[in-house]
Structures are given as C-alpha cells and as structure tokens.
Amino acid sequence: MALAGLMTLPVIAAEASEPTAGEILQGINMFTPEEGDPAYKVKANEQYGTQWAVDMAYGYWHSNNTSPDVHDNANLFLIHAQLNQRLIEDNMNGGTWLRVEFSGSWGLDSHSDKTSRMFSEGTGSATYPHADIYGGHEGVLPELALMQYFNNKRSCIIAGMVNLTNYFDAVGIANDSFSSFTNDGFINSSVLGLPDANLGIVLQHEIDSASYAMFAASSEATGYGDNPFKFHGNDSFLMVGEYGRMLADGATTIRLNPFYRYIDNMDGTSSNNVGLAGSIEHEVCDSLSVYSRAGWAARQEAGNGFDFTCGANVKLIPSREDDFLGLAFGVFKGASPVDNDREYVAEAMYSLQLNDYFKLVPHIQYIANPAYDPDNSDVVIMGVQGVFSF
C-alpha cells in the first residue's frame, strides 16, 4: 500500500536545489524527508533512527448489488502501520535498517465479518470495498525485512518477507487507499499483481539525480496472512523490474515495469507469463496533479490481461491546500481468454482534512460489466472513511 515517503518523492526532488546522493531511494524507502531538506525537522525519536507512520480508520460501505448471500453494508475498523528502525548507523552509506509493516481490518458488527466483504462480482477491480483488506485475516505482517544501504546511499538491498507494493508502481496520487482511491484497480496495476508477505529480495540503484532502477524476485507460494516459511509445495514466483525517470525538476515521473511470472498450478503442470506495465504522473500546477497507468500481460494468467487507468487530484479551494478532489477511470480485461468483454470503473472521492491528524474521505464507485460479464448488473459502491494519521 502507499507510503508517505513514496508520495513525497516528486515534491522532494522538485524542492531540492542541489540533489544529494541517495535522495531518490530515501524518498522511496523512508517515511520522512532526508535531513538537509528545508522542510525537515529532527524529532526526538529520529535521533535514535526510529521512523514510524500509522493510519487508523473507520470505514462504512454500501452497495446496491452485492454478491449472493452477502450483506450490502459493511462497518470496519482498519489499521496500517509501518516502522523503520535503524540497527547500525553509517552516515556515509545510509546504515542498516529493520522494516516492519502491519495491516488489518475488523468487522464492527455481525454483518461485516471477514468472510463477507465481497460486495460485487467485480473481480477485475473492486473485489473488496477497500484495497487494504485481503483474505480472511484480521491482522497480518505484509513486510518484515532488513534494509542495507551502501555505495554512498546510492544503492540498497532489502531482503526478508517483503511487500513489493511498497516499492514498485508507486504512483503518488493513486497508491494510498486511506487518503485517496479505495478501488483495487487504482492502487496498483492489476496486471503486475505485486505480492506481499512472501520471501523475496529487492535491489535498488540510483543511476543519477533524476533516474533509478530496481529489481525484485519474490516467492508467490504464500497466501496473504499465511506463514511465509510454509511453502505448501508451491513454487510460483515473480521477477519484476522498474526504471524510473523524473523530468521537469521532479514535476513529472515516468515508470516502466517489465515482469516475468512462473505459475505452479499444483497439479503437476506449470505456466509462464511475461508483461509490461508503466505509469506517468505529472504535477500540472499547485492545484492539479494527473496520472495514467497501463499494463499488458502476454498470456493473461494470474491477474488481468490488460488494464488502463487514469485520474487526477484537484485542489478546489486555494485556502485549503490539504483538501483535494480525486477522480479516476479504469478499463480492465480479464485473465481468461474467454473474458472478451471489459470491466469499466469510475471513482470519485474527496479528502477533507479537518486537522493535522484527522480527515474525512467519502467515496463513490461505479462498476460497469462487473467480472467482464455484461449480463451482470452494474454496481454502485458508496462509502466514507474517517482516518486518523500519526
């Protein structure tokens, strides 16, 4: 899911008059601006190498067309927390860090239990009403890994139980389901299908002050919330890369993500899949940011075969610079060759920042041809979140 550091990456690059080595990787991996940035203030805990961020929310959703035997309302408590703890200090190279992530959701009534969140047949996008809800687990660790910087902070390796969504395909205005869009299809590319809570490794290198490259290899043997050391005989894995380039003093960011996936079908057969995803985001002005994503998979297995999404964040009231309206639209093609139709999704949301710690975020989604079947009724999902951020 989205990180505060990821969302500030273009801003940091734009504001810094003289880029420093490792600035891009710091923006991807860390939760606060790098020391030396004009906006940076040293907090007491950061003197000991401790960075943390917590989002807690109450969420309510209603759908006009639920799946069979599923209630059309859901009341949920949600939490997403992250910790970077420096283990070994090295001012020149960046040091050694421990990364921990926790995510969970709990039903607040009997109608919102963890087996009844599938509001629609929208398997291409809105499988669940909130993108941070996965599987039938109340609380899990999507990431528990060691992070080692080297090469004067220009290179980094992260290994352990990794969450690839923390690093790859991290579009700033569409990568945080607590503060922006909640539909799964707008958070990350549905073609990439980035795993989390699996054993893996991420390699990062900052090429120059405006470009970087990353590579990751991750097992896909573990279901969300399962023990990553218990493989169940499944040898599935994903290899994915990313090349990123910032233009116009950081106002524009372009990302390309080639990937290869090996799929163990657990019946003695296996299959392979390759594809490419990409994104571009651009800060048009202080009041308008836009983005677009597209992805394609050759064999259309273990994920969508094609997707295209685009969206914008608009600040409608100049005096309220922390509020914004979000608009997004997406087209998704199913993974199976027989899924010849398309699923169309539109979402509108508004982030109303009431104070430094609390915001209200109402949403509405419209899904046409859910599950790529024109015989299914269109779906409207409405919801609101009250989000506490620390």
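This is a predicted model: local features need pLDDT of at least 70, side-chain atom pairs count only at pLDDT 80 or more; totals for chains, interfaces and linings use all residues.
I began with strand S5, residues 155–162, and found it paired with strand S6, residues 198–208, in the antiparallel sense over 8 bridges.

**Next strand along**

Which strand did I look up next to S6? I found strand S7, residues 211–219, and S6 pairs with S7 in the antiparallel sense, again over 8 bridges. I checked what lies between S6 and S7: they make a hairpin, with 2 residues between them. For facing residues I wrote down two cases. Ile201 is opposite Ala217 in S7, and Glu206 is opposite Tyr212 in S7.

**And one more**

I kept going from S7 and got to strand S8, residues 237–247. S7 and S8 are antiparallel too, and I noted 9 bridges for this pairing. Here I picked out Met214, which stands opposite Glu242 in S8.

**A closer look at Ser218**

Is Ser218 buried or exposed? My entry says buried, because its relative accessibility is 2% and the cut-off for buried is under 20%. What does Ser218 touch, leaving aside neighbours within four places in sequence? I listed Leu164, Pro195, Asn198, Leu199, Gly200, Phe237 and Leu238. I see that Asn198 falls in the range of S6, residues 198–208, and Phe237 falls in the range of S8, residues 237–247.

**Cysteines**

How many disulfides does the structure hold? I got 0. I reminded myself that a disulfide is a covalent bond between the sulfur atoms of two cysteines. Cys156 is buried, with a relative accessible area of 1%, whereas Cys310 comes out as partly exposed at 27%.

**How far do I trust it?**

Last, I checked the confidence scores. The protein chain has an average pLDDT of 82, and 77% of the residues score at least 70. Where does pLDDT stay under 50? I noted residues 1–17, where the model has 50 contacts beyond four places in sequence. I also noted residues 120–124, with 23 such contacts.

Notes. Residues are numbered from 1 along each chain as its sequence is written. Side-chain values use heavy atoms; hydrogens and water are left out. Two strands pair if DSSP finds at least two bridges between them. Helices (H or I, at least four residues) and strands (E, at least two) are DSSP runs, numbered from the N terminus. A disulfide is a pair of cysteine sulfur atoms within 2.5 Å. Buried means under 20% relative accessible area, exposed over 50%, partly exposed in between (1.4 Å probe, protein chains only). Contact means heavy atoms within 4.5 Å. pLDDT is the predictor's confidence in each residue, from 0 to 100.
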